[in-house]
Amino acid sequence: MKQPDILSQIALGEDSTRQFKADVKNVESLAAEMAAFANTNGGTIFIGVADDGSTPGLSQKDVSRINQLISNAASQGVRSPLTVETENLALENSRLVIVLRVPKGIDKPYFDKNGIIWLKTGSDKRRVNSKEELRRLFQITSQFHADELPTKAGIDKVDKLRFRDFLRDVYEIEYPDSIEKRTRLLQNMNLTTDDGNLNLGGLLMFGEQPELIMPQFVVKGIRYPGNEIHASDYMDTEDFVGPLPKIFADVLAFIMRNLHKVQAGRGVNSPGIPEVPKTVFEELLVNALVHRDYLVSAAIRVFIYDNRIEIISPGHLPNNLTVEKIRAGNANIRNPILVSYAAKGLLPYHGLGSGIKRALSAWSDIEFQDDHEGCLFTAIIYRKPLEELNGSNATQMKQEKK
C-alpha cells in the first residue's frame with residue numbers, strides 16, 4: 001500500500017472495517033480489537049493515526065515496541081491464536097504508520113484473554129451477551145445447527161402414521177413397537193437429543209402438531225387486493241401449521257388457488273394452466289422451509305398481490321452467500337437434518353443449489369432480496385398484467401374459431 005492509498009483510506013474515517021489508534025500500549029485491549037474483527041468480517045487497524053484522522057505517526061522505537069505487542073496479542077491474547085499481517089508505511093515527516101490487517105476468522109468464535117467474545121458494531125465493538133448470538137457464531141463455522149436444538153416435545157409427540165409410512169417407504173422397516181426401540185431408532189436417525197426429546201428437525205419433520213411446541217415456525221399467507229399491504233383489507237388469508245410436508249402442500253395449494261388460469265392452447269372449456277408454473281413455487285417454498293434461519297423466532301410469510309407474489313423467509317443468506325451466487329447455483333447447508341430428510345422424499349428437494357436455478361429456468365422474472373439489516377430473505381415472483389393474460393386468451397380463441 002502506497003502513501004496516497006493509506007491517506008485515502010484514512011480520509012474515509014473509522015467504520016466496521018477500519019480502526020484508528022494513535023498508539024498501542026495495552027496488549028489486552030489490542031487483543032480485544034483483533035478478536036472483534038476476526039469474529040465479524042475482518043478489518044484493518046491503522047496504528048499511528050488519531051481518532052480524528054490526523055497522522056501523528058510513530059517513531060522507529062515505537063514501531064519495534066508495538067510489533068512485539070501485536071505478536072503477543074495475536075498469539076497469546078486471543079483464543080484461538082490469529083495470523084495477522086503488518087505493513088510499515090512512511091509518512092512525509094519521516095514518521096511511520098503500522099497497517100495491521102486482521103483476517104475474517106475461520107475458527108469462530110474468538111475469545112479474548114478474559115473469555116469475552118467481541119463483535120464489531122460500526123466503528124466500535126461490543127460484547128456478545130445473548131445465547132442466540134453465540135449460537136449464530138457457532139453456526140457460521142458449522143459447529144452448530146439450529147435444527148439440532150432440543151425441544152420440549154417427547155417422542156410421544158411423533159406423528160405415528162407419518163413416521164410409520166416414512167420408515168416403510170424409505171427404510172423398509174416396521175414401526176417399533178416399544179418406546180425403548182422407538183427412542184433408540186430416533187436417536188440413531190439424529191431426530192432426538194440425548195435426553196430423548198425431539199430436536200427441532202425431528203419435531204418439524206415428524207411432529208404431531210409442532211405448532212403447539214414451536215408456534216413461531218408456521219407460515220402465514222395473505223392475498224391482498226392491489227399491490228400494497230392493507231391493515232385489514234384482504235381477499236384470502238390462512239395460517240399454515242403442522243409438520244413441514246403438510247405446510248408445504250397447504251401453502252402450495254393456497255398459492256395455486258389465487259393464481260389466474262390461462263388456456264394456453266387448450267379449449268375454452270378446459271380448466272387452463274396456472275399463469276406461473278407450479279414448479280416455481282415448489283422450488284421456492286422448499287427453499288424457504290428447509291433453508292430459513294430457525295434461530296429467528298418468526299413465521300415465513302407469503303403475500304400475494306395483483307402484480308407479484310412474495311415469499312419472505314426469516315434470516316438473510318448465511319456466510320458468504322450472495323444473491324449472485326445463489327443464482328449461479330451456490331448454496332450452504334444451514335439445517336442439515338431438514339435437508340437430509342427432505343432429500344429422502346418428504347419434500348420435493350432436488351439437491352443443494354439446484355432449486356433456485358430450476359425456478360429461474362421455469363420463470364425468469366424472479367427477484368431475490370437479501371436484507372441483512374432486517375434479517376430477511378425475500379423471493380419476489382412477478383406476475384404478468386391481467387390484460388396481457390386476457391389478450392393472449394382472446395388471440396387464442398380467434399385462432400380456434402378459424
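**Notes on the predicted model**

1. The count of aromatic pairs in this structure, which is a predicted model, comes to 13. One of them joins tyrosine 224 and phenylalanine 303 in an edge-to-face arrangement, with 5.6 Å from centre to centre and 70° between the planes. This pair links distant parts of the chain, since tyrosine 224 sits in the loop between strand E9 (219–223) and strand E10 (236–240), while phenylalanine 303 belongs to strand E13 (residues 300–304), 79 residues apart. Tyrosine 224 and phenylalanine 303 are both buried.

2. The rings of phenylalanine 368 and phenylalanine 377 are classed as stacked because their planes meet at 15°, with the centres 6.0 Å apart; planes under 30 degrees apart count as stacked. Phenylalanine 368 and phenylalanine 377 are both buried.

3. One aromatic cluster is formed by Phe163, Phe166, Tyr171, Tyr175, Phe206 and Tyr341. Charged side chains also lie over ring faces: lysine 120 is placed over phenylalanine 37, at 4.7 Å from the ring centre, and arginine 308 over tyrosine 305, at 3.8 Å from the ring centre.

4. The largest nonpolar core has 70 residues, and those with the most contacts inside it are Phe163, Ile255, Leu284, Phe368 and Ile381. A second, separate core of 23 residues includes Ala31, Ile66, Leu96 and Tyr110. Leaving aside residues up to four places away in sequence, phenylalanine 163 touches Val158, Tyr175, Leu185, Leu186, Met189, Leu191 and Phe206.

5. Which residues of helix H11 (residues 336–346) are buried? They are Ile337, Leu338, Val339, Tyr341, Ala342 and Leu346, and what covers the buried residues of H11 includes helix H5 (160–171), helix H7 (200–206), helix H8 (244–257) and helix H9 (278–291).

6. Strand E2 (residues 43–47) is largely enclosed by the rest of the structure, because 5 of its 5 residues are buried. Gly43, Ile45 and Ile47 point one way from E2, whereas Thr44 and Phe46 point the other way.

7. Strand E1 (residues 18–21) runs parallel to E2 and is joined to E2 by 4 bridges, with isoleucine 45 in E2 as the bridge partner of glutamine 19. Together with helix H2 (residues 27–39), E1 and E2 make a right-handed β-α-β unit. Strand E5 (residues 96–102) runs antiparallel to E2, the two being joined by 5 bridges, and the bridge partner of threonine 44 in E5 is arginine 101.

Methods
Residues numbered from 1 in each chain as written. Predicted model: local features only at pLDDT ≥ 70, side-chain atom pairs only at ≥ 80, totals over all residues. Heavy atoms only, no water. Core = buried A, V, L, I, M, F, W, Y, C linked by side-chain atoms within 4.5 Å. Buried < 20%, exposed > 50% of the residue type's maximum accessible area, 1.4 Å probe, protein only. Contact = heavy atoms within 4.5 Å. Phe/Tyr/Trp six-rings, centres within 6.5 Å; stacked < 30°, edge-to-face > 60°. Lys NZ or Arg CZ within 6 Å of the ring centre and 35° of its normal. Pairing = 2+ DSSP bridges. Right-handed = clockwise from strand over helix to strand, strands pointing away.
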